[in-house]
Amino acid sequence: MRLWTISPAHLDAKGLVAAWREGLLAQKVLQGGTKGYASHPQLLRFKESADPMSGIALYLEDLCAEAGRRGYSRSEERRVGKECRSRW
């Protein structure tokens with residue numbers, strides 16, 4: 001699971017896509033939708049926060065905004081939380 005702690009601006013295209021996919025997986029784990037990865041160390045910062053779902057939503061929002069700045073397109077139907085301010 002790759003939930004990078006660096007700014008998404010520093011990720012290349014493959015890293016940004018990988019972080020998006022892994023973020024969606026983390027979101028599903030935090031929702032209790034899968035048992036796999038439930039104890040993964042990369043999820044600790046979200047699990048230990050006051051509101052884990054808001055934390056992962058903000059993480060995905062940052063990825064979404066960076067992708068929008070780059071002019072990428074994608075589907076958001078699996079993402080929980082607010083709409084991305086920047087379409088990609």
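Mentor: We will take the fold, then the helix packing and the core, then a few residues.

Mentor: This is a predicted model, in which local features need pLDDT of at least 70, side-chain atom pairs count only at pLDDT 80 or more, and totals for chains, interfaces and linings use all residues. Residues are numbered from 1 along each chain as its sequence is written, and side-chain values use heavy atoms, with hydrogens and water left out.

Trainee: How many helices and strands are there in the protein?

Mentor: Three helices and zero strands, in the pattern α-α-α along the sequence. Helices here are DSSP runs of H or I with at least four residues, strands are E runs of at least two, and both are numbered from the N terminus.

Trainee: And what share of the residues is buried?

Mentor: Of the 88 residues, 39% are buried. Buried means under 20% relative accessible area, exposed is over 50%, and partly exposed is in between, using a 1.4 Å probe and protein chains only.

Trainee: At what angle do H1 and H3 pack?

Mentor: H1 (residues 13–30) and H3 (residues 52–70) pack at about 160 degrees, and their axes are 10 Å apart. That makes H1 roughly antiparallel to H3. The axes are lines fitted to C-alpha atoms over the stretch in contact, with angles from 0 to 180 degrees between N-to-C directions. Under 35 degrees counts as roughly parallel, over 145 as roughly antiparallel, 65 to 115 as roughly perpendicular, and the rest as oblique.

Trainee: Which residues make the contact?

Mentor: Among them are Leu16, Trp20 and Leu24 of H1, and Ile56, Leu60 and Leu63 of H3. Contact means heavy atoms within 4.5 Å. By class there are 15 nonpolar, two polar and two charged residues. Nonpolar covers Ala, Val, Leu, Ile, Met, Phe, Trp, Tyr, Cys and Pro; charged covers Asp, Glu, Lys and Arg; the others, Gly among them, are polar.

Trainee: Which residues touch the most other members of the largest nonpolar core?

Mentor: Leu3, Ile56, Tyr59 and Leu63, out of 18 residues in that core. A nonpolar core is a set of buried Ala, Val, Leu, Ile, Met, Phe, Trp, Tyr and Cys residues joined through side-chain atoms within 4.5 Å. H1 and H3 are the elements that give two or more residues to this core, and H1 has the largest share, with seven. In soluble globular proteins, nonpolar side chains tend to be buried together.

Trainee: What does Ile56 touch?

Mentor: Leaving out residues up to four places away in sequence, Ile56 touches Gly23, Ala26, Gln27, Leu30 and Phe46.

Trainee: Now Glu66. Is Glu66 buried or exposed?

Mentor: Glu66 is buried, at 8% relative accessible area. This residue is in H3, and with residues up to four places away in sequence not counted, Glu66 touches Pro8, Ala9 and Leu16.

Trainee: Changing topic, what is the phi of Tyr37?

Mentor: Phi of Tyr37 is near 70 degrees, a positive value in a residue other than glycine. Tyr37 lies in the loop between H1 and H2 and is partly exposed at 45% relative accessibility.

Trainee: Where is Gly36?

Mentor: Gly36 is also in the loop between H1 and H2 (44–47), partly exposed at 33%.

Trainee: Last one: where is Ser7 found?

Mentor: Ser7 is in the segment before H1 and counts as partly exposed, at 36% relative accessibility. Ser7 and Tyr59 are 52 residues apart in sequence and 10.0 Å apart in space, C-alpha to C-alpha.
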